[in-house]
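Visitor: I have a model open and would like to go through it with someone. Can we take it piece by piece?

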Amino acid sequence: MKKNKQYPLTPMATTDFKSVQLQSSSSCGCNSGCCDTSGDTAGEQTGNSSKANEMHITIDGKKIVVSDSSKNIVEIAKEARIGIPAPCFLNKHKYGCCNACVIEVNNEQLYACVTKPTDGMDIIFNRDDLKALRKERLLKYRENKENGIFQKCGCP
Ligand code: FES
C-alpha cells in the first residue's frame with residue numbers, strides 16, 4: 001500500500017476549552033457549516049465509476065466503498081455521513097489554515113483535507129485525543145479569524 005505523505009502538524013497555543021461544548025460528536029461547533037451532513041444522501045458508496053476502480057476504506061470501523069480516488073477524506077467522509085470539521089478547506093483558506101481535520105492512519109496523524117484514499121486505508125477519526133486536539137485547533141482558528149490573524153497553511 002502506498003504511504004501517504006505526512007504533513008507537519010503545527011503545534012498551536014494551548015487554549016482553555018473546558019467551557020466550550022461541542023454540539024454533537026459529528027459537529028464541531030464552529031458555525032461555519034464545515035461538518036454539516038444534513039441533506040446528504042445516506043450510503044456507503046461514493047462516486048459512480050466502475051467496480052474495477054473501487055477502493056475499500058474504513059473510518060472508525062465504518063466500511064466505505066470509494067469509487068472516486070480524486071476525492072479527499074473530508075469529501076468521502078461527508079458522503080458517508082461522517083462530518084470531519086474542515087472549515088479552512090471549505091472556506092478555500094480564506095481565513096488561513098485550521099489544522100483541525102486531523103485523522104490518524106497507521107499511527108500517523110494526517111490532514112483529511114489533503115489525504116487521498118488508498119485501498120484498505122483504516123482511518124481513526126472519533127478518538128478522544130484527536131477530538132481534544134481538533135477542538136483546540138478549531139478554537140484557535142476561530143480566535144485567529146475573529147482577530148484577523150491569518151495562519152499560514154502547511155497543506156499543499
Ligand atoms: S480543513 Fe483545515 S487543515 Fe484541513
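Guide: We can go through confidence, overall layout, strands, core, the last helix and a few loop residues.

Visitor: Start with confidence. What is the mean pLDDT, and what share of residues reach 70 or more?

Guide: This is a predicted model. The mean pLDDT is 78, and 66% of the residues reach 70 or more. Over residues 1-29 the pLDDT is below 50, and that stretch has 51 contacts in the model beyond near neighbours in sequence. Residues 36-49 also have pLDDT below 50, with 26 contacts beyond near neighbours in sequence.

Visitor: How should low pLDDT be read?

Guide: Where pLDDT is low, the predicted coordinates should not be read in detail.

Visitor: Fine. How many helices and strands are there?

Guide: There are 3 helices and 6 strands. Along the sequence they come in the order β-β-β-α-α-β-β-β-α.

Visitor: And what percentage of the protein is buried?

Guide: Of the 156 residues, 33% are buried. For contacts with a separation of 6 or more, 65% are between residues 24 or more positions apart.

Visitor: On to the strands. Do β2 and β3 run parallel or antiparallel?

Guide: Antiparallel: β2 (residues 55-59) and β3 (residues 62-66) are joined by 5 bridges. Within that pairing, H56 has V65 as its bridge partner, and I57 is partnered by I64.

Visitor: Which way does β6 run against β2, parallel or antiparallel?

Guide: β6 (residues 122-124) runs parallel to β2, with 2 bridges joining them. I59 of β2 stands opposite I123 in β6.

Visitor: Now the core. How many residues are in the largest nonpolar one?

Guide: The largest nonpolar core has 30 residues, and those with the most contacts inside it are V74, A77, I84, C101 and A112. At least two residues each come from β2, β3, α1 (73-79), α2, β4, β5 (108-111) and α3. The largest share is that of α1, with 4 residues.

Visitor: Take V74. What does V74 touch?

Guide: Leaving out residues up to four places away in sequence, V74 touches I84, A86, F89, C101, A112 and C113.

Visitor: What about α3? How far apart are the end C-alpha atoms?

Guide: They are 27 Å apart.

Visitor: Which residues of α3 are buried?

Guide: The buried ones are R134, K135, E136, R137, L138, L139, K140, Y141, R142 and K145. The buried residues of α3 pack against α2 (87-90) and β4 (102-105). Just after the helix, G148 takes a positive phi of about 70°.

Visitor: Where is K92, and what is its phi?

Guide: K92 is in the loop between α2 and β4, with a positive phi near 55°. K92 has 7 other C-beta atoms within 10 Å, so K92 is exposed.

Visitor: And N107, buried or exposed?

Guide: Exposed, because N107 has 6 C-beta neighbours inside 10 Å, and the cut-off for exposed is 12 or fewer. N107 lies in the loop between β4 and β5, and its phi is near 65°, again a positive value in a residue other than glycine.

Visitor: Last one, C97. Where is C97?

Guide: C97 is in the loop between α2 and β4. C97 counts as buried because there are 21 C-beta neighbours inside 10 Å, and 20 or more is the cut-off for buried.

Key: Residues are numbered from 1 along each chain as its sequence is written. This is a predicted model: local features need pLDDT of at least 70, side-chain atom pairs count only at pLDDT 80 or more; totals for chains, interfaces and linings use all residues. Two strands pair if DSSP finds at least two bridges between them. Two residues are in contact if their C-beta atoms, placed from the backbone, lie within 7 Å. The expected span of a helix is 1.5 Å times one less than its number of residues. pLDDT is the predictor's confidence in each residue, from 0 to 100. A nonpolar core is a set of buried Ala, Val, Leu, Ile, Met, Phe, Trp, Tyr and Cys residues joined through C-beta atoms within 7 Å.
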